Number of protein chains: 2
Amino acid sequence: MSSAHAIIITIGDELLIGQTIDTNSAWLAQQLNSFGVDVAKRVAVGDDASAITTALDDALTTAKIVIMTGGLGPTSDDITKPLLCNYFGGKLVTNEAVLTHVKELFARRNRPILPVNLKQAEVPDNCTVLFNKMGTAPGMWFQHGDQVVIALPGVPFEMKAIMEQEGIPALKRLFSGHHIVHRTLFTAGEGESFIAQKLTDFEAQLPAHIGLAYLPDSGMVRLRLTGRGKHQKALEDEVAALQETMAKTLADIVIAKEDIALEAILGRALLHKQKTMGVAESCTGGTIGHYMTMVPGSSAYFKGGIVSYANELKINLLGVPAATIADNGAVSEPTVIAMVQGAINVLQVDYAVAVSGVLGPDGATDRVPVGLVWIAVGDKDTVKAREFRFHYDRERNKEMAAKTAMLFLLKFVNSRRS
Amino acid sequence: MSSAHAIIITIGDELLIGQTIDTNSAWLAQQLNSFGVDVAKRVAVGDDASAITTALDDALTTAKIVIMTGGLGPTSDDITKPLLCNYFGGKLVTNEAVLTHVKELFARRNRPILPVNLKQAEVPDNCTVLFNKMGTAPGMWFQHGDQVVIALPGVPFEMKAIMEQEGIPALKRLFSGHHIVHRTLFTAGEGESFIAQKLTDFEAQLPAHIGLAYLPDSGMVRLRLTGRGKHQKALEDEVAALQETMAKTLADIVIAKEDIALEAILGRALLHKQKTMGVAESCTGGTIGHYMTMVPGSSAYFKGGIVSYANELKINLLGVPAATIADNGAVSEPTVIAMVQGAINVLQVDYAVAVSGVLGPDGATDRVPVGLVWIAVGDKDTVKAREFRFHYDRERNKEMAAKTAMLFLLKFVNSRRS
């Protein structure tokens, strides 16, 4: 743990009843990490003065930096501003710059300004105002000896704008002591424990200032190396060399040397070969297309697809012979092979992937149990098909089927010469 | 705050460097709330024994229930199990039921079992094992006087399965002193503040033992009434009557009187009319199909769709005239109308929905800014189209576009006589 570590306190009842998922903390942690500040703890408390005070007391016993988000809005359940003002012994005064900004914001949106909105321009006289050009609630920077407490609004894009423009540059000047370097290896096809066994010697030899974490997700495992040190360049080289060693040990299962989504890896492979792809989705119902189009610019390689949930669409749109389905079933090797061939033909793409299965909880037949999924990938010359079996609930089986299909296609694309 | 409040502790370095967004806490909070347990605080700490111990010490000073997630995997960065065993003064022993399960799991997946996997069957002898049928790491229930500490694996679907099957029923038996009744009204088309204004009198007259929460999501707002009391039947009647009053006040915007996903409401409306639907998705890339097929049994009304991400597929597969796109652009009223007509024709469905837009961050043109989306819905007689504008990032714009499209279709289906 570095000497200058941070604690993040998020405030709001909505965080304690499961209504809001906290994305601010993850973003703040990434930013702080980037200039060498570790986050030692994250705490979420409700809109409750004593809970907030206790959390702040606790944090200030160890942390050099305390970042608080939420509780700065105009409504009555937002109590952080007067509390902090009081905590550090100040009083609320109107800040003219903030007042002008709030008035302008309401004028621009053509809305009447209410007294509660004008109150947002009141700030403690013992803090530095962090200007919020995206909204009405300003951020506040309290200096407490050599400790810093920053209070920010909870709305993510307001919080981010304030930190990017003012908070982070100021924190960097004060606290940028050592560096933190992350490197991630993305693997697919083997489980966490298999990889751990392969890396036993590697892990035993890791120096104390470099750690390795396993991050499993849907049949893939990300391996993250984290190094800490005084000299950025030397540290980067050291971590990069270790990543390379690890990549060699795991050569068969590495699919990327960075922290990136599977759909982006597949997209990059297609871009690199200047090829296009399409989908023929039955049981996944559009999930593969949904993932593929998460990537900005995916239109360069993803052309589209046929969601042939009903068998007649497999026949009418993809040209799967009716006899193939009648003889083998919709969930079968011949059907998914015909779906891929049909998709390449109809969508006029270089590669296609097809999925047909039973995701559950209903829909099993004598021949096809719940969780059985056939996947095929191919180009105009070659089609490969495989049977998979997933053992989870419908939602998870769907996600697994879609990701397994993308991974299968990635391997196929990488295996082709051109 | 009820007398039996809970604290949630999430464990893992990945939570402190911003690599993982914690969704477990929100789910756990919702579950605990449902039977009357409030969450007082959420804390996230790293894979660090002293931080975990401190967090647990703190939590046990006030909370009746402490739920810990993460840190139970087979690899060396997972340290929670031995720590808890030690904390409560037990020792690790092999649990035969878990051992059998782990062996079966590996056999079924056709993978060799490793010593680290066998270690997962070691559990503290002072805890009750919460069986994990979805994975290898069991949950653990420690009884500490009248306090309960539950440790769960961090993988969301494993954690949920364990809690649903064992943890929550057991907690309910112990801590559900009074009854809690929830009733939800699902509205669409108006914002939170508009609804709040309409419900001012209603809220003012709510008795103290019944609360109302606003749960906004993608242009829809769920209104959840929560009643607490000793007599279940009387409480249920009271909350049901209040829901009815609220439904009358908001008649124009109510789309369901229960807490149910939009895709299930749409599915039910189609089933009721014995009609089918299909999709023609451009910018959403399959997201609507992905949502629609989340519902078990959706094949009764969802036949499939065309993902026409590339313009040539709009022309070749949906029969959109090339001139329509050339003259008006792919993101335009005439294009989405032609897409719906094409989808009804090609997919042979009763209703279709079409979406075309620019989700960002790139792809804007002189005519079409980022966030502009055209949506059309219709049947063979009538097609309606509307322009929408979303102001978020790509992922959120995609979700908003898909949900808005489903809502638009739901209203259309409900408006048709047959």
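A:Glu281 has A:Val307, a residue of strand 14 of chain A, opposite it. Before going further, the ground rules. This is a predicted model, where local features need pLDDT of at least 70 and side-chain atom pairs count only at pLDDT 80 or more, while totals for chains, interfaces and linings use all residues; side-chain values use heavy atoms, with hydrogens and water left out. Residues are numbered from 1 along each chain as its sequence is written, and chains are lettered from A and ligands numbered from 1 in the order in which they are written.

Back to the strands. Strand 13 (residues 277-281) and strand 14 (residues 302-307) of chain A run parallel and are joined by five bridges. Strands here are DSSP runs of E with at least two residues, helices are runs of H or I with at least four, and both are numbered from the N terminus. Two strands count as paired if DSSP finds at least two bridges between them.

Which strands make up the open sheet, and in what order? There are ten, in the order 17(A)-16(A)-15(A)-13(A)-14(A)-14(B)-13(B)-15(B)-16(B)-17(B), with mixed pairing. Strand 17 (383-389) of chain A and strand 17 (383-389) of chain B stand at the edges with a single partner strand each, so one side of each has no neighbour in the sheet. Direction ignored, neighbouring strands of this sheet are turned by 15° against each other on average.

Two helices of chain A lie across these strands. Helix 15 (residues 394-415) lies across strands 13, 15, 16 and 17 of chain A, and runs at about 30° to strand 16 of chain A. Axes are lines fitted to C-alpha atoms, for helices over the stretch in contact, and angles run from 0 to 180 degrees between N-to-C directions; contact means heavy atoms within 4.5 Å.

**How the copies relate**

Chain A can be laid on chain B by a turn of 176° and a shift of 1.6 Å along the axis, with an RMSD of 2.7 Å. The two copies are thus related as by a two-fold rotation axis. The same surface serves both copies, as 76% of the contact residues of chain A recur in chain B. The superposition is by least squares on the C-alpha atoms of residues with pLDDT of at least 70 in both copies.

**The four-stranded sheet**

Chain A also has an open sheet of four strands in the order 10-11-9-12, with antiparallel pairing. Strand 10 (210-217) and strand 12 (254-256) of chain A are at the edges, each with a single partner strand, so one side of each is left without a neighbour in the sheet. From one strand to the next, the twist averages 30°.

Strand 9 (residues 179-188) and strand 12 of chain A pair in the antiparallel sense over two bridges, and A:Thr187 stands opposite A:Val254 in strand 12 of chain A. Helix 9 (residues 232-249) of chain A packs on the sheet and touches strands 9, 10, 11 (220-229) and 12 of chain A, its direction making about 15° with that of strand 9 of chain A. Helix 10 (residues 262-273) of chain A lies across strands 9, 11 and 12 of chain A, at about 80° to strand 12 of chain A.

**Backbone details**

In the loop between helix 10 and strand 13 of chain A sits A:Gln274, with a positive phi near 50° although the residue is not glycine. A cis peptide bond joins A:Gly360 and A:Pro361, with omega about -5°, and A:Pro361 lies in the loop between strands 15 and 16 of chain A. In chain B, the bond from B:Gly360 to B:Pro361 is cis, with omega near -5°.
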